[in-house]
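Subject: Structure handover

Hello,

Here is the structure I said I would pass on. My notes on what was found in it follow below.

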Amino acid sequence: MSKAFEDRIGVERRKMQRTIVCEVLDEMFKEGSISLDNDEMVKIVNKKVA
């Protein structure tokens with residue numbers, strides 16, 4: 001029972017982290033405070049996929 005609880009906490013924590021990261025990135029791109037060229041974007045996506 002406690003193992004299932006710990007697993008659920010882990011899942012919820014990862015969900016919250018993803019949500020926060022998405023919000024921060026959305027905010028940064030909307031404000032234009034971050035500028036990336038196509039090569040940098042490709043590198044970031046490749047790192048995420050790998």
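**The charged network**

Glu12 and Lys15 are joined by a salt bridge, with 3.6 Å between the closest N and O atoms. This and everything else below comes from a predicted model. The two residues, Glu12 and Lys15, sit three residues apart in helix H1, about one turn of the helix. Glu12 also forms a salt bridge with Arg8, and here the closest N and O atoms are 2.9 Å apart. Because Arg8 and Glu12 are four residues apart in helix H1, about one helical turn separates them.

How exposed are the partners? Glu12 has a relative accessibility of 28%, so it counts as partly exposed. Lys15 is partly exposed as well, its relative accessible area being 41%. Through salt bridges that share partners, Arg8, Glu12 and Lys15 are joined into one network.

**The remaining salt bridge and the charges**

The structure has three salt bridges. Besides the two above, there is one between the side chains of Asp7 and Lys3, at 3.5 Å from N to O. Asp7 and Lys3 are four residues apart in helix H1, so about one helical turn lies between them. Asp7 is partly exposed, at 40% relative accessibility, whereas Lys3 is exposed, at a relative accessible area of 59%.

Over the protein chain there are 10 positive and 10 negative side chains. The centres of these two sets lie 9 Å apart. Glu23, Asp26, Glu27 and Glu31 form a negative surface patch. One of its members, Asp26, lies in helix H1 and is partly exposed, with 44% relative accessibility.

**The overall form**

Which elements make up the fold? The protein chain has two helices and zero strands. Its radius of gyration is 16 Å, while the globule rule gives 10 Å for 50 residues; the value is well over that, so the chain is more spread out than a compact globule. The C-alpha trace spans about 50 × 25 × 5 Å along its principal axes.

Of the 50 residues, 2% count as buried. The protein chain exposes about 5,000 Å², and carbon and sulfur atoms supply 59% of that area.

**The nonpolar patch**

There is also a nonpolar surface patch, of about 490 Å². Which residues make this patch? They are Val21, Leu25, Phe29, Leu36, Met41 and Ile44. Helix H1 (2–31) and helix H2 (38–49) each supply at least two residues of the patch. H1 gives the most, with three residues.

Val21 is found in helix H1. With a relative accessibility of 45%, Val21 counts as partly exposed.

Leu36 belongs to the loop between H1 and H2. Leu36 is partly exposed too, and its relative accessible area is 31%. Patch members need over 30% relative accessible area and no salt bridge, and the 31% of Leu36 passes the area cut-off. From Leu36 to Gly10 the C-alpha distance is 32 Å, and the two are 26 residues apart in sequence.

Regards

Notes
Residues numbered from 1 in each chain as written. Predicted model: local features only at pLDDT ≥ 70, side-chain atom pairs only at ≥ 80, totals over all residues. Heavy atoms only, no water. Patch = residues over 30% accessible without salt bridge, like charges linked within 9 Å, V, L, I, M, F, W, Y side chains within 5 Å. Areas by Shrake-Rupley, 256 points an atom, 1.4 Å probe, with all protein chains shown as cover. Salt bridge = Lys/Arg side-chain N within 4 Å of Asp/Glu carboxyl O. Buried < 20%, exposed > 50% of the residue type's maximum accessible area, 1.4 Å probe, protein only. Rg over C-alpha atoms; globule rule 2.2 N^0.38 Å. Lys, Arg positive; Asp, Glu negative; His and termini not counted. Charge placed at Lys NZ, Arg CZ, Asp CG, Glu CD.
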